[in-house]
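Please read the points below alongside the sequence and the structure.

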Amino acid sequence: MKSRFITSLFILFSIATLHAAKITWTPETGYQSDEVEMSGLLPEETRQVLNLMNSARQAEEFESRGRGKLHYAKKGGNDFSEGKQVKSYRKALKNYRKIVKKFPKSQYAPEAYNRIALISLARNEIDDAYEAYERMAWDYPNYGSFNETIGEMYKIAETRLNTHRVKIFGVIPGFLNIDRAVSYFERIYYIAPYSDYSPLALLNIAQTWDEKGKDDMAIYALDRLVLKYPDSVHAPDAYLKLAKKHTEQTNGPYYDQSSTKTAISFYQDFLFQYPEDDGVVIAETELTDAQNTMAMSKVKIADFY
């Protein structure tokens with residue numbers, strides 16, 4: 001198992017390193033890379049990759065302008081005929097997807113995913129955009145800015161959570177897909193555990209489960225936040241939310257006080273770690289209430305016996 005894990009890491013590292021090439025595009029020259037050789041590709045495959053990429057970008061540019069003709073120069077064996085008519089985003093997506101499927105080790109594969117994401121966003125197909133950004137972040141972390149890619153994934157997850165509704169029959173707005181939004185935030189946490197977006201993702205997950213009345217799931221998300229990101233600006237708020245959730249699980253002094261004990265522990269940890277936080281007054285007040293509940297419970301037990 002250990003050797004398999006190391007092998008997997010090596011493969012991921014190799015792919016990431018391979019795709020660190022700088023990719024540029026201009027209407028005059030088409031796509032170019034500072035990495036001359038494409039890993040493991042035959043000359044005819046290299047030409048096929050470039051033709052697909054340039055044809056896709058040509059179609060994309062034509063669609064984004066909405067009208068008129070594009071003018072390209074004929075250079076490097078790639079045919080950019082002046083005034084060549086192209087179909088639209090559909091053709092571009094088809095070519096880009098062919099690249100990532102047939103030539104995943106080409107340095108142009110992450111650029112193809114990037115273009116797929118941008119086109120999908122333009123078409124309001126945010127789930128397709130998220131999937132493309134996720135593949136970029138996971139398979140090609142050295143391409144462009146990893147943090148910006150995660151940021152785009154986070155924005156899509158927020159949109160999924162708050163506003164995006166898939167239209168039924170392309171016309172009638174459907175319901176918010178909360179579960180999908182949560183899965184998007186979880187994937188951000190998994191792919192980019194050291195990103196600033198991860199504690200934010202966990203906070204969104206906790207809030208979502210809290211609103212749906214799933215306290216155990218909310219507590220699990222908050223637990224991960226305070227344990228893994230104690231220095232995050234969101235950690236103090238997470239501590240207070242955790243303490244509050246545990247307090248709410250106690251039905252009074254006549255009942256089991258294990259949740260109250262846990263709440264007291266969180267309040268005390270909060271006051272110790274964040275003595276200058278704005279929530280100190282709230283924490284002190286609620287800590288006193290929890291301690292009073294605990295003391296009252298002991299009195300009731302003593303009276304019983």
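1. Ser 55 counts as buried because its relative accessibility is 15%, where buried means under 20% relative accessible area, exposed means over 50% and partly exposed lies in between, using a 1.4 Å probe and protein chains only. Ser 55 sits in helix α2, residues 43-65, and helices here are DSSP runs of H or I with at least four residues, strands being runs of E with at least two, numbered from the N terminus. Setting aside residues up to four places away in sequence, Ser 55 touches Lys 91 and Asn 95, a contact being heavy atoms within 4.5 Å.

2. On the basis of these notes: this is a predicted model, in which local features need pLDDT of at least 70 and side-chain atom pairs count only at pLDDT 80 or more, whereas totals for chains, interfaces and linings use all residues. Residues are numbered from 1 along each chain as its sequence is written, and side-chain values use heavy atoms, with hydrogens and water left out.

3. The protein chain as a whole has 12 helices and 4 strands, and 44% of its 305 residues count as buried. Among its contacts with a separation of 6 or more, 57% are between residues 24 or more positions apart. The accessible surface comes to about 17,700 Å², of which carbon and sulfur atoms account for 54%; such areas come from the Shrake-Rupley method with a 1.4 Å probe, and for residues only the protein chains shown count as cover.

4. Most residues other than glycine have a negative phi. Asn 124 lies in the loop between α4 (109-122) and α5.

5. Asp 127 belongs to helix α5, residues 126-139, and is buried because its relative accessible area is 15%. Which residues does Asp 127 touch, not counting those up to four places away in sequence? They are Arg 160, Arg 180 and Tyr 184.

6. Helix α5 packs against helix α6 (residues 146-162) at an angle of about 155°, with their axes 9 Å apart; the axes are lines fitted to C-alpha atoms, for helices over the stretch in contact, and angles run from 0 to 180 degrees between N-to-C directions. That angle makes α5 roughly antiparallel to α6, given that angles under 35 degrees count as roughly parallel, over 145 as roughly antiparallel, 65 to 115 as roughly perpendicular and the rest as oblique. The contact includes Asp 127, Tyr 130 and Tyr 133 of α5 together with Ile 156, Thr 159 and Arg 160 of α6. By class, the residues of this contact divide into 10 nonpolar, 2 polar and 4 charged, where Ala, Val, Leu, Ile, Met, Phe, Trp, Tyr, Cys and Pro count as nonpolar, Asp, Glu, Lys and Arg as charged, and the others, Gly among them, as polar.

7. Helix α5 also meets helix α7 (residues 178-191), the two axes coming within 11 Å and crossing at roughly 10°, which makes α5 roughly parallel to α7. Asp 127, Tyr 130, Glu 131, Glu 134, Ala 137 and Trp 138 in α5 meet Arg 180, Tyr 184, Arg 187, Ile 188, Tyr 190 and Ile 191 in α7. The residues of this contact comprise 7 nonpolar, no polar and 5 charged.

8. Helix α8 (residues 197-211) and helix α9 (residues 215-228) pack at about 165° with their axes 7 Å apart, and they are therefore roughly antiparallel to each other. Among the residues that make the contact are Leu 202, Leu 203 and Ala 206 of α8 and Ala 221, Leu 222 and Leu 225 of α9; by class, the contact has 11 nonpolar, no polar and 3 charged residues.

9. Leu 203, in helix α8, counts as buried at 14% relative accessibility. Leu 203 and Leu 225 are 22 residues apart in sequence, and their C-alpha atoms are 7.5 Å apart in space. Beyond residues up to four places away in sequence, Leu 203 touches Leu 222, Leu 225, His 234 and Asp 237.

10. Gly 279 is found in the loop between α11 (258-273) and α12 (280-304), and with a relative accessibility of 7% this glycine counts as buried. The C-alpha atoms of Gly 279 and Asp 237 are separated by 7.9 Å, although the two residues are 42 residues apart along the chain. Leaving aside neighbours within four places in sequence, Gly 279 is in contact with Leu 240 and Phe 270.
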